[in-house]
Amino acid sequence: MTYRKIIRVAVVILIVISALPVAARSTFDIGLRSATLYDVDSSIAEDGFFHDLSEGKNWTIGVGLDVRLSAFHVSVLASSNHETVDAVDIYSSLSFDVPVINDFLYLTAGTGVTTGIVFPETGGSRLSYSGVQEESGESLPEVFTNSPLHFKAGVDAVFGPATFSLYYMRQSEKNLNDGFNDALISDGRNLLGVSLHLSVM
């Protein structure tokens, strides 16, 4: 390990340690998450974000896993796709919590990637990812870095082992390989999420 890598690891450890008293929640937590997402594409957004809120086709459901260390948490949510039954969307996110009322109300912000998985139409076909054709032969790490970025902001209300979350997610037209330059430019897709997290450890 080089000197620079050691410095980076030390900085990350110091940040985590300094965040312990700020987080005001248990140091470590693993939980299951269920969520429903209001999926707004560019055509709907032209008429207003909440224009088709009552349309069931614009809502999807998902389940996932959360792992939290102090004020940081990693989440993976698998959600149905509102456009086709032959695909699911995987939202992998890293977020940071800021307490508003300790042990009750928290603001959250984070970023991650959205990976679309398309199921094969025939038994002999392979899965395809994010619209990439199966003959491209991309490895899983390549699929991950080629997946579009997303940004999240929301609020968590904690009731013992249960946490209710309301958050907004903005899909970027950039991916990890593109870097974060102009990453906040939306690809026209915006989501509103409501979720329940239950701590299991």
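Let's start with Leu198, which sits in strand 9, residues 186–199. When I say strand or helix, I mean DSSP runs, E of at least two residues for strands and H or I of at least four for helices, numbered from the N terminus. Leu198 is partly exposed, with a relative accessible area of 43%. The scale here is: buried is under 20% relative accessible area, exposed is over 50%, and partly exposed is in between, using a 1.4 Å probe and protein chains only. Leaving aside neighbours within four places in sequence, Leu198 is in contact with Ile30, Gly31, Leu32, Pro161 and Ala162. Contact means heavy atoms within 4.5 Å. And look at Ser34: it is 164 residues away from Leu198 along the chain, yet their C-alpha atoms are separated by 8.8 Å.

Now, a word on what we're looking at. This is a predicted model, so local features need a pLDDT of at least 70 and side-chain atom pairs count only at pLDDT 80 or more, while totals for chains, interfaces and linings use all residues. Residues are numbered from 1 along each chain as its sequence is written, and side-chain values use heavy atoms, with hydrogens and water left out.

So how confident is the predictor? pLDDT is its confidence in each residue, from 0 to 100. The chain averages 79, and 72% of the residues score at least 70. Where pLDDT is low, the predicted coordinates should not be read in detail.

Zooming out: we have 3 helices and 9 strands, and from the N terminus they run α-β-α-β-β-β-β-β-α-β-β-β. There are 201 residues, and 36% of them are buried. Of the contacts between residues at least 6 apart in sequence, 58% join residues at least 24 apart.

Which way do strand 1 and strand 2 run relative to each other, parallel or antiparallel? Antiparallel, with 11 bridges joining strand 1 (residues 28–40) to strand 2. Two strands count as paired if DSSP finds at least two bridges between them. In this pairing, Phe28 stands opposite Leu69. Strand 2 also pairs with strand 3 (residues 72–80), again antiparallel, over 8 bridges, and there Val67 stands opposite Val74. That hairpin has 2 residues between the strands, and Ser70 takes a positive phi near 60°.

Keep Asp66 in mind. Asp66 forms a salt bridge with Arg33, the closest N and O atoms being 2.6 Å apart. Arg33 is in strand 1 and Asp66 in strand 2, so the pair ties together parts that are 33 residues apart in sequence. The rule is a side-chain nitrogen of Lys or Arg within 4 Å of a carboxyl oxygen of Asp or Glu, and it gives a count of 1 salt bridge. Both partners, Arg33 and Asp66, are buried.

What about greasy packing? The largest nonpolar core has 7 residues: Ala35, Leu37, Leu77, Tyr91, Tyr167, Met169 and Leu191. A core here is a set of buried Ala, Val, Leu, Ile, Met, Phe, Trp, Tyr and Cys residues joined through side-chain atoms within 4.5 Å. Strand 1 and strand 8 (162–175) each supply at least two of its residues.

Last stop, Gln171, also in strand 8. Gln171 is buried, at 2% relative accessible area. Among the residues it touches are Tyr91, Pro148 and His150. Its side chain makes a 3.2 Å polar contact with the side chain of Thr114, and reaches the backbone oxygen of Leu149 at 3.4 Å. A polar contact is a pair of N or O atoms within 3.5 Å; within protein, one must be able to donate a hydrogen and the other to accept it, and residues adjacent in sequence count only if both atoms are side-chain atoms.

Methods. pLDDT = per-residue confidence, 0-100.
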